Structures are given as C-alpha cells and as structure tokens.
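Me: I'm new to reading protein models. Could you walk me through this one?

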Amino acid sequence: MIGEIYSGYLDVAILIWLFSGLFNLFIDTNKYRQSNMAKEKKVSRVLGWINIGIVTVWFLVIVLVKVFV
C-alpha cells in the first residue's frame, strides 16, 4: 500500500521544488530588481513562495504517511 502512495523519486522532486523556490526568491528576484522589472520581480517572489509551500505540504504528507501507515 505504501509503495503505491510514496515513490522513491518524490524526495528528488521535493528537493527540486525547494531549490527552484529558493532560486526564484533569491536570484531571480535580485536580477529583476537590478533590471528595474517590478512586475517580474513580484511574480518571481510569488512563484518562489508557491514552490516552498508545495514543498512544505508534500514533506508533511510524507511524514504523516510514514508515521500513521
């Protein structure tokens, strides 16, 4: 049952989401600020926080599945 819900590649996907979120928050936002691109900076910040939110939710789901199943 747990093998159908939890795959070994999910850890890699979580790391990719985390690093892409951090990349959007720190590097992209800084580059857009330097280029005076206000709208792109806002979108990059929002997408970064969305990625970090996805990582947080999936991490909590994995922990809860491992604890209760």
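Below we go from the overall fold to single residues.

Reply: Happy to! This is a predicted model, where local features need pLDDT of at least 70, side-chain atom pairs count only at pLDDT 80 or more, and totals for chains, interfaces and linings use all residues. Residues are numbered from 1 along each chain as its sequence is written, and side-chain values use heavy atoms, leaving out hydrogens and water.

Me: How many helices and strands does the protein chain have?

Reply: Helices (H or I, at least four residues) and strands (E, at least two) are DSSP runs, numbered from the N terminus. Here there are three helices and zero strands, in the order α-α-α along the sequence.

Me: Is Thr29 buried or exposed?

Reply: Buried means under 20% relative accessible area, exposed over 50%, and partly exposed in between (1.4 Å probe, protein chains only). Thr29, in helix α2 (residues 10–34), is buried because its relative accessible area is 6%. Across the protein chain, buried residues make up 20% of the 69 residues.

Me: Which residues is Thr29 in contact with, leaving aside its neighbours within four places in sequence?

Reply: Contact means heavy atoms within 4.5 Å. By that rule, Thr29 touches Asn24, Lys41, Ser44 and Arg45. For the protein chain, 68% of the contacts with a separation of 6 or more join residues 24 or more positions apart.

Me: And where does Val69 lie?

Reply: Val69 sits in the segment after α3 (38–68). Val69 counts as exposed because its relative accessibility is 62%.
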